Amino acid sequence: LKLAAASTLSFPLAAIIVHAQTDTEPSEQSPSASLPLGEEHPLWNVWTAWRNQYLDFSGRVVDGPQERASHSEGQGYGMMLAAEIGDDLAFRRMAEWTRNNLAIRSDKLLAWRWLPDRPERIPDRNNASDGDLFHAWALLRGGEIFSEPAYTDRAVLIARDIARYCLVPRPDDVTRVLLSPAINGFETRTGHVFNPSYMMPR
């Protein structure tokens, strides 16, 4: 994978790959970098309202309308919010729940959905690349904000597997790549299914 190709695809993925290749500080900081963290954050009350509504004590982000399922995307989204607000405990609980329940594949990517009321809680082990991006990006931010290198290390491993398994050549220019929605299920006899909503453009 050439870094230039990755950077045209997704800012978070490119940023994580850059982080893996250099020890220098990123040239751009999050807009929230200058805000106080924790209960002093100006959006702390908004965050706690979200947390009380959607986050189980175990660290599971609950999607009520969809069978009270949990998704890799929702876990990553919740972790990103917790990192930017500075809620270390909530972030750690979500990270641990995600690792214990969704990180069941042989690679570093996540199973996309967990169903609490099914005999087999993960009937489909396929990944969802947007969820993996959110998860890796949240871990990267968590590593920076909470000074936890283990989060950063895991983000790098996930980003490498996204690049290894979920990037496919563009049909009009094989030197560039597209992000597949998942490893399996999107390749056809005539090409590859591309869903722009799975990208996170800069």
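Helices (H or I, at least four residues) and strands (E, at least two) are DSSP runs, counted off from the N terminus. The model here is a predicted one, so local features need pLDDT of at least 70 and side-chain atom pairs count only at pLDDT 80 or more, while totals for chains, interfaces and linings use all residues. Residues are numbered from 1 along each chain as its sequence is written, and side-chain values use heavy atoms, with hydrogens and water left out.

Now for the salt bridges (a side-chain nitrogen of Lys or Arg within 4 Å of a carboxyl oxygen of Asp or Glu): the structure has eight. In one of them, Arg 92 pairs up with Asp 88 at 3.4 Å, N to O. Both sit in helix α5, four residues apart, so about one helical turn separates them. Arg 92 is partly exposed at 33% relative accessibility, and Asp 88 is partly exposed at 32%; buried means under 20% relative accessible area, exposed over 50%, and partly exposed in between (1.4 Å probe, protein chains only).

Another bridge links Arg 118 to Glu 67 (3.1 Å, N to O). Arg 118 belongs to the loop between β2 (113-114) and α6, and Glu 67 to the loop between α3 and β1 (70-71), so this pair ties together parts 51 residues apart in sequence.

Over in helix α6, Arg 141 and Glu 144 are three residues apart, about one turn, and their closest N and O atoms are 2.6 Å apart in a salt bridge. Arg 141 counts as buried, at 13% relative accessibility, whereas Glu 144 is partly exposed at 31%. Salt bridges with shared partners join Glu 84, Arg 141 and Glu 144 into one network.
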